[in-house]
Amino acid sequence: MTKQRQLFCVVAAVAAMAVGSGTGWAQGATPAPFNKVTVSADVAKRTLMKAVINADAARAIVDACVEWQKVQPGNVSIAIFVLSPTGQIIDSHQMDGVVPIGAETALMKAKTALYARSSSAAVAQRFNTVDGRLIRLELGKEEGLDYYFVGGGLPIVSDDQLIGAVGVGGGNADEQCAYQAIVKVIGPQPPLVQPQQPAAAPAQGQQR
């Protein structure tokens with residue numbers, strides 16, 4: 001084998017290793033493969049569940065959210081939880097400085113996303129009256145899930161399947177942190193709900 005041929009083989013091998021050792025996560029609008037982000041076939045055979053986020057993908061989401069938060073203004077710390085579709089904690093992290101309520105609400109937001117199959121912000125918009133929320137406060141408690149009417153919890157969707165949920169608490173842009181992390185790792189997700197515009201004040205002299 002000539003030296004040029006040897007050099008070509010070495011370069012090709014290094015390139016292949018770089019590709020193989022890459023994240024393998026989403027690439028822009030191209031989602032990560034379903035089998036890449038869910039448990040292996042062997043695990044699925046043992047647990048009888050395939051549509052479950054795996055530990056590597058969960059850790060990648062946690063890391064991506066923390067990285068995103070670190071470059072945001074205000075030096076705000078967050079807590080983040082990644083749950084399986086049945087509510088078990090797959091991974092979590094708490095940055096320095098998070099007060100206890102930040103961690104507790106992060107977990108509650110993730111549970112809300114699992115329970116409602118939508119973002120916790122969408123739940124808050126849907127049930128935006130005191131009465132509407134009061135009658136739902138105890139829902140899901142027996143299953144270990146419940147409603148929490150604050151944004152920051154998102155379902156994790158891959159190939160149109162719910163594979164888990166993320167909850168972020170303690171920050172000032174919790175939903176965006178969760179969303180950016182899921183999109184970076186998993187790929188495009190259902191669009192976020194738009195903030196509701198406050199009702200316009202009645203013109204002077206009009207009846208309320």
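Which hand does the disulfide of Cys65 and Cys177 have, and why? I looked up the torsion about the S-S bond, which is about 125 degrees, so the disulfide is right-handed. The pair links distant parts of the chain, 112 residues apart, with Cys65 in helix α4 (residues 55-70) and Cys177 in helix α8 (residues 174-185); helices (H or I, at least four residues) and strands (E, at least two) are taken as DSSP runs, numbered from the N terminus.

I note that this is a predicted model, in which local features need pLDDT of at least 70 and side-chain atom pairs count only at pLDDT 80 or more, while totals for chains, interfaces and linings use all residues. Residues are numbered from 1 along each chain as its sequence is written, and side-chain values use heavy atoms, with hydrogens and water left out.

I counted one disulfide in the structure, a disulfide being a pair of cysteine sulfur atoms within 2.5 Å; the sulfur atoms of Cys65 and Cys177 are 2.1 Å apart. Both Cys65 and Cys177 are buried, where buried means under 20% relative accessible area, exposed over 50% and partly exposed in between (1.4 Å probe, protein chains only).

I then turned to the loop between α3 (41-47) and α4, where I found Val52, which is buried with a relative accessible area of 11%. Leaving aside neighbours within four places in sequence, Val52 is in contact (heavy atoms within 4.5 Å) with Val37, Thr38, Val39, Ser84, Pro85 and Ile163.

Asn54 lies in the loop between α3 and α4 and counts as buried at 13% relative accessibility. Not counting residues up to four places away in sequence, I list Lys36, Val37, Thr38, Val39 and Ile90 as touched by Asn54.
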